[in-house]
Amino acid sequence: MPLTLGELAERIGAELVGDAGVVISSAATLEEAKGGEVSFLSNPKYGGLLESTRASAVIVGPAVKSEKVSLLKAKDPYYAFALAVVALHGHRVHPHAGVHPTAHVDPTAVIGEGTVVYPNVFVGPRARVGKNCILYANVVIYDDCVLGDRVTVHANSTIGQDGFGYATHAGPQGYPIHHKIPQAGNVIIEDDVEIGANCAIERATLGSTVIGKGTKFCDLIAIGHGTKVGNHCLFVAQVGLAGSVTTGNYVVMGGQVGVAGHLKIGDQVQVAAQSGVMTDLESKTDYLGSPAMPRPWGRRVYHLLTQLPEMNDRIKKLEQGKEE
């Protein structure tokens, strides 16, 4: 709904530098915004866009100045912009309430009050889904899995399929045969978790695979059986954790990070995109590379990689006694 700049500033806790009476109807990017819209600037390298944007106002940090556009100054501009989008646009309005007629919820399953279940969702025997959850189209919740309150699972994700558990044993001719181990555990997803589209979270062989409260998954995340993900973690697309991994709280993993099984990831660890984690990671440390290494060391390693051809030429000259 439209708000004046004065009203918007109050809603998002920002200091207004500009005309409080200007009406704002929506939010947009700096490049695409026009009159009547608000944008944001959180990265200083895009500061030049303040002079070219057509937005009526821009949410910025406390030190930013501009004589061209009204400013809404906030300590955390990105968070303030999120609040502005909620104030102006609101959250998605669901086309129906409760369980859609084409969804299948087993009679022994429990669906909490205020939960919305979209078409073609399957909720298996003895599964429990908490209050005010959202299960988008084609989500599958296997038997005995538990979802807390305010959990969102996006389209085509699966919670609680069998873990990748096999006992390899020699067959009659000596060749290995993989014998399935029954997956007798379940998955527990705690409160305020959001699971992106096309994610897969395996049930534990014994016990529970656990996704901690407040954790957010992008699309195409794979979680192995028996893994326990901490609270308020962020996993970007195509992250894969093998079985029996334990992560701390506030862990961030960039796109395509892979983690080998049975490892421990400390609290507040950040792992850069496409890293391969093959050992335990210490808390409050940033990692990159494959194998993953602390960020300062990894930067040195990758800087040297870019110089390998030149270094190889110099080594050949040294071997030939031709070094200048």
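Reader: Is Arg-150 buried, partly exposed or exposed?

Author: Arg-150 is partly exposed, with a relative accessible area of 40%. Buried means under 20% relative accessible area, exposed over 50%, and partly exposed in between, with a 1.4 Å probe and protein chains only. Please note that this is a predicted model, in which local features need pLDDT of at least 70 and side-chain atom pairs count only at pLDDT 80 or more, while totals for chains, interfaces and linings use all residues. Residues are numbered from 1 along each chain as its sequence is written, and side-chain values use heavy atoms, with hydrogens and water left out.

Reader: Where does Arg-150 lie, and what is its phi?

Author: Arg-150 is in the loop between β15 (146-147) and β16 (152-153). Its phi is positive, about 60 degrees, although Arg-150 is not a glycine. Most residues other than glycine have a negative phi. Strands here are DSSP runs of E with at least two residues, and helices are runs of H or I with at least four, numbered from the N terminus.

Reader: What about Asn-138?

Author: Asn-138 also is not a glycine and has a positive phi, of about 70 degrees. Asn-138 sits in the loop between β13 and β14 (140-141) and is partly exposed, at a relative accessible area of 35%.

Reader: Which residues does the cis peptide bond join?

Author: The cis bond joins Ser-290 and Pro-291, with omega about 5 degrees. Pro-291 belongs to the loop between β35 (286-288) and β36 (293-294).

Reader: Changing topic: how much space lies in the largest pocket?

Author: About 620 Å³. A pocket is an open set of points on a 1 Å grid over the protein atoms alone, where a 1.4 Å probe fits, with protein on both sides within 12 Å along at least five of seven lines; lining residues have an atom within 4 Å of a point. The volume is the space filled by probe spheres set on the points, which are joined across faces, edges and corners.

Reader: Which residues are closest to its centre?

Author: Of the 17 lining residues, Ala-82, Val-86, His-91, Glu-194 and Lys-216 are the closest to the centre of the largest pocket. Helix α2 (residues 77-89) gives the largest share of this lining, four residues.

Reader: And how much space is in the second largest pocket?

Author: The second largest pocket holds about 160 Å³. Its lining includes Thr-29, Phe-40, Asn-43 and Tyr-46.

Reader: Which residues have the most contacts inside the largest nonpolar core?

Author: Leu-135, Ile-189, Phe-235 and Met-253 have the most contacts inside this core of 48 residues. A nonpolar core is a set of buried Ala, Val, Leu, Ile, Met, Phe, Trp, Tyr and Cys residues joined through side-chain atoms within 4.5 Å. Another core, of 18 residues, lies apart from it, and Ala-14 and Val-38 are among its members.

Reader: Finally, how many strands form the open sheet?

Author: Nine strands form it, with parallel pairing, in the order β8-β11-β14-β17-β22-β25-β28-β31-β34. Strands pair if DSSP finds at least two bridges between them. The edge strands, β8 (104-105) and β34 (276-277), each pair on one side only.

Reader: In which sense do β18 and β19 pair?

Author: Strand β18 (residues 166-170) and strand β19 (residues 176-180) pair in the antiparallel sense over five bridges. They form a hairpin with five residues between them, and Gly-174 in the turn has a positive phi of about 90 degrees.
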